[in-house]
Amino acid sequence: MNNSAPAFAAGYINNDGPKLITERFQFEDSFTLERFLNTGGYDGLRKALEKKPSEVHDEVREAVLLGRGGAGFPAGVKWGFCPEGVWPRYLVVNGDESEPGTYKDRLLMERDPHQLIEGCLIACYALGLSQCFLYVRGEMALAQERIANALNEAYEAGYVGRNILGQDFSVDIVLHWGAGAYIVGEETALIESLEGNRGMPRLKPPYFPAAIGLYGQPTIVNNVETLSNIPWIIDNGASAYKEMGSETSPGTRLFAISGHVNRPGVYEVEQGVTTFRDLFYGENFCQGIRNGNELKMFIPGGGSAPWFFEEHLDLPLEARPVGDAGSMLGSGAIVVMDETTDAVKACLRVVRFFARESCGKCSPCREGTTWEEKILRRIYEGDGRPSDIELLLDIGDNISPGPYPVAAFSDQNLEAVPFPPRQTTICPLGPSSVAPITSAIRRFRAEFETLITQRDSIPVSAAPIEVEQ
Amino acid sequence: MAYFTEENLRRAHEIIDRYPRAKSAVIPLLHLAQEQNGWITNEAMTHIAELTGVTSAEVLGTGSFYEMFKFHPVGKYLINVCTNISCQLLGGEELLHHAESTLGITDGETTEDGLFTLEDVECIAACTEAPCFTVNYRYFHRADENTFDEVVAELRSGRSPLDKGKQGDSGDIPLHGTLSRIQQHIPQDRKAGIIPPEDSKTAPVWMKKNAEEAKS
């Protein structure tokens, strides 16, 4: 069996499971209004408009739809944080997918832009949001194209804009696009960017832009995948949604499994009932590690997530047990590394990412990530010092104090347990750089030590200079 | 000071009109300027400042934060090779080295003929399709050295290599600066209208439904 990805939906693999948001990916013209309408498109919106806005909100709250951007906060609860009587309110769609390993929002935007638009409209209707800004990552040219085209079609056909479907419901959806900055995926940085500023996160509190967001007004910021689930939930009901997945993580999720597996791809997976082992070794999923190699480690939720190992393979794909085990499902990005992987090199590469993408606002992150990269590089290049391992851990402790990872608000029983981590910074970017370092050092300390002792026996910087006679 | 062409000025006003605050248009207008010229000049920033009611220093302040904006000339084709973790595991760094030796330039440099600029880029969301690279932000998935050589050869000979991308994207690759080949256009008679924060202190009309049916 080799039902690999069709060329028009690169990466997506149909695994015979329930399909809530990837049903249309089988069609080459899935992004057109015509195909969308022929496959139940805008039915969810029609059903929503027959209800009271508050009933639509209740339905989403009832569904326990967890946010798919990284933090895993329930969307229906987040929607409830808008202060009473403060108008106008805005919707901002976070399509700035750039967490290392993450590839799902781009697919949803390229392959089914109308589904996302429908989700936006239902959210606007439910909460009385006056205008929607769809922020697409700058580098995603095709996604911008497909969304622009979809919006033009939808405006023309009366699904977006003034008096949608002939009713007293008018919302503009504006396509906005970024210009290359990972940090803009942080919701307050996204708002800063949308206001025309440098994309630097805002000081908290308020913790949610639902209180004070775009132009100082209540603003709901939702991830692309989160909103793409809304049409199905409204069309089929929260109870049908909760029949899939587990009690605390209902429904399905998109997981991108990359790295050393035989069949890397983007899979729509029922949460809770599937384990990492199923995903890596299952015939319906990745079909094992390449060349029959042993698994060395895997990142369960994007570059920011602490690493997992063989003993974690039987954990279900569900926010709470993964959180309890000390990591997170984050943005559904799983990176599998086999026994041939150099742990120090992999750690350096992930940390380099955070060092490059630090916005520079908070010193512990700006200086800390930069030094982490420099120290890791000198270890990797055989120039490390015996004190470097402790130094790395100490820098990490300055960014995220205490044993890592520890949830900042462990008393609040958030869905994804170690997130956000305890931090000396405004946003979780800096603390994220600590994840690969603590993971790698705790598990593969010997690899670091070997590189450092090699340095002691062959001191690179002190090598005799050969002078030609 | 006029920088934008007549057509682009029309597009600039159309973009500004979509936002409650003109400053929100700064990033889209910087893209528009880059589309017109391939990179962003001081004149462009001055014009954007005039159009959005901010200072040109603020435009530079915003623009210089973002990697995609180039404040110096770059090649017609910007090649971004991903070396982040998923690509690194499957040969992204080797692909970058191949690109460097083939083009004779390193990260950030432009070939002498002004055709190619090469960058070592962070994760571009194609992780299951590693290793990958983009040309003017058009994707080439599961690429190897052969793919890279073929793409460069096609571009040199003036043909579009987009069918080698394994993505379902087609047509020509626009020159550096142009992202989407389709623009959003909101017809005047379909526009709901923007609602600036200061203009509205009441709930949108459809929210009345909540109260109305509660009475019955």
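Predicted model: local features only at pLDDT ≥ 70, side-chain atom pairs only at ≥ 80, totals over all residues.

Q: How many residues of chain B are in contact with chain A, and what area is buried between them?
A: Contact means heavy atoms within 4.5 Å; by this rule 76 residues of chain B meet 99 residues of chain A. Buried area is the accessible area (1.4 Å probe) that two parts lose on being put together, summed over both. Here that area is about 7100 Å², with 54% given by carbon and sulfur atoms. B:Phe65, B:Arg190 and B:Trp206 supply 11% of what chain B buries against chain A, more than any other three residues.

Q: How many salt bridges cross the interface of chain B and chain A?
A: A salt bridge is a side-chain nitrogen of Lys or Arg within 4 Å of a carboxyl oxygen of Asp or Glu. The rule finds seven across this interface. One salt bridge joins A:Glu145 to B:Arg181 at 2.8 Å, N to O. A network of salt bridges also links A:Arg349, A:Arg352, A:Arg356, B:Asp120 and B:Glu122.

Q: Are A:Glu195 and A:Arg202 buried or exposed?
A: Buried means under 20% relative accessible area, exposed over 50%, and partly exposed in between (1.4 Å probe, protein chains only). Both A:Glu195 and A:Arg202 are buried, and their side chains form a salt bridge of 3.0 Å, N to O. A:Lys51, which pairs with A:Glu59 at 3.5 Å, is partly exposed at 23% relative accessible area.

Q: Which residues of helix 4 of chain B are buried, and where do they lie on the helix?
A: Helices (H or I, at least four residues) and strands (E, at least two) are DSSP runs, numbered from the N terminus. In helix 4 of chain B the buried residues are B:Val59, B:Thr62 and B:Gly63. Seen down the axis, they fall within an arc of 95 degrees (taken from the directions from the helix axis to the C-beta atoms), so they line one face of the helix. Their cover includes helix 2 and helix 3 (42-52) of chain B.

Q: What does the side chain of A:Lys204 reach?
A: A polar contact is a pair of N or O atoms within 3.5 Å; within protein, one must be able to donate a hydrogen and the other to accept it, and residues adjacent in sequence count only if both atoms are side-chain atoms. The A:Lys204 side chain reaches the backbone oxygen of A:Arg202 at 3.0 Å, and a polar contact of 3.2 Å joins it to the side chain of A:Thr188.

Note on methods:
Residues numbered from 1 in each chain as written. Chains lettered and ligands numbered in written order. Heavy atoms only, no water.
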